[in-house]
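Dear colleague,

Here is the structure I said I would pass on. My notes follow below it.

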Amino acid sequence: MTAASMDLDQELMKAEVESVSSDNTVTSGTNGNVQVVVRVRPPSNREKDQGYIKCVGVDSVSHSVTLNYRPQPRTFTFDYVADEVVSQEEIFAAVGKPITDACLQGYHCCLIAYGQTGAGKTFTMEGPDPESNSGNSPGFAAQSKANAKRHEKRGLIPRILEYIFQKMSSEKSQSFKDVEFVVKCSYLQIYNEQVSDLLDPASLNLTIHEDAKSGMYVEGLQEVVVSTAEATYGVFRRGSENRHVGMTAMNMESSRSHSVFTVVVESQRRNEGGVMNRRTSRFYLVDLAGSERQKHSESAGIRLKEAGSINKSLSALGNVIKALVDISEGKIRHVPYRDSKLTFLLKDALGGNSKCTLIANVSPAEKNIDETLSTLKFAQRAKLIHNTAVVNEDMFGNPAVMGEEIRRLRLALAALRANMGSGSVSEQNFTPMNQENQSETSRISRLEHIISQSTKRSLEAEQKLQRKINELEGTVKDYQEYIHRLERTLQYSDYQRADGSDSEDDH
Ligand SMILES: Nc1ncnc2c1ncn2[C@@H]1O[C@H](COP(=O)(O)OP(=O)(O)O)[C@@H](O)[C@H]1O
Ligand SMILES: [Mg+2]
């Protein structure tokens, strides 16, 4: 074990002890922190056949997971924990719905499934393997009984898509709202540090770029505009099939690749005053490569470079998380996002303007106890990252309308501030008050953000208008001079004509 990894282990032990507070209550869920969920899958038939011993216990009240590790059991606390009986619907309600709501409010979001191969990442994100049921998609069309069962077992991605389109359609159906939505999706894979487009199998080795305004993007990645949940899920399935076919054809192992399905939601609303509000949010849905590869390569003592080539992105993810945790604790650190394709692509999602939820999937079997411990440690560390997500919105309108909107927003902000400052807090009311304060504080920072954005827009519009006025004034001045010159020329020719006729008279 290297000195660095020993340090890390000690820090984790410390975090572990600290996170299990004396009353065993939830310690996370703070605004802005990466939300971490642990899901334990049921034992597989193979595990049962091979003398299954359960080694993981889940306490849904204290949100903790206890691993029967020897000589001492280890307990970790998370934002939400799910045992083997928790259904896909419950996972969606607890994990999928809140993050999708944030996406619809205009936040960039990221949902990542982490864990060893076979721990349930794909089941959680997508649902049961479609291959296991004559190729029927679990997402939609529950006609037969078997299909109905598969439909019930569909994972987070189809449910999230259904929810996005449901919410958009219910907002649109409220006739007083003037709102337009555009939804786009793309699907990529990172295998051996190469990014390929799963919607266009001929597009291999794509490059990731960073744009100051729009953030990270992949050059040449196909983006498909979609108008229903079914169509979006169809695009996702098409990409997953391409992944499967490509992997088999090239004799590659799918558990070594990362897949990123991205949904972009753009909305444009016009309020009563005529101001346009435009929001864009990006939602990354990430199914990571099996985490055990990295550990094996490390434990086998393979040199860093070789270990990196096995799955550079996964080891880089661990390092990025370590650096981000240090930063969240006030230390100054360089974050090595550029060390891998995955961390560079997810730069904003991991350490910036994004709401991020990590689902750590684990097996319940004692046979996998070391992998499970390593997954729980990774998840515990990720919980300490603090992100600052803001709503990605812009406002448009003419300067007078914008000025009025800014005045209205400032009044709303002042009212919010006054509201926060008033009222005494009894001990009994402290928790709800505290929660209310947190939500008021986040509303205040949202309002401040909107005001600063709209002030900027308004200033830009005013400057643009001023430039136009100056231009017009310049043109008017030119014309005036031209007219003036014409008048003088006319006067001169009149004078000459008069002069000419005088001299004719003289003859
Ligand atoms: N919560 C669960 N309930 C029922 N079956 C599950 C659950 N999680 C995983 N499985 C099953 O376990 C197997 C491995 O899961 P999978 O999602 O493919 O793992 P991973 O993507 O992490 O490699 C699959 O057959 C899957 O259907
Ligand atoms: Mg999988």
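How do the residues of the shell around ligand 1 divide into nonpolar, polar and charged? There are 4 nonpolar, 9 polar and 3 charged; Ala, Val, Leu, Ile, Met, Phe, Trp, Tyr, Cys and Pro count as nonpolar, Asp, Glu, Lys and Arg as charged, and the others, Gly among them, as polar.

This is a predicted model, in which local features need pLDDT of at least 70 and side-chain atom pairs count only at pLDDT 80 or more, while totals for chains, interfaces and linings use all residues. Residues are numbered from 1 along each chain as its sequence is written, with chains lettered from A and ligands numbered from 1 in the order in which they are written.

The ligand. Around ligand 1 there are 16 residues (C-beta atom, placed from the backbone, within 6 Å), and Arg 41, Gly 120, Lys 121, Thr 122 and Phe 123 come nearest. Helix H4 (residues 121-125) supplies the largest share of this shell, 3 residues.

The fold. The protein has 14 helices and 15 strands, taken as DSSP runs (helices H or I, at least four residues; strands E, at least two) numbered from the N terminus. UniProt, in an unreviewed entry, places a "coiled-coil region" at residues 462-489; such annotations may be inferred rather than shown by experiment. In the model that stretch is 100% helix and 0% strand, with its end C-alpha atoms 40 Å apart.

Confidence. The average pLDDT (the predictor's confidence in each residue, from 0 to 100) is 80, and 81% of the residues score at least 70.

Regards
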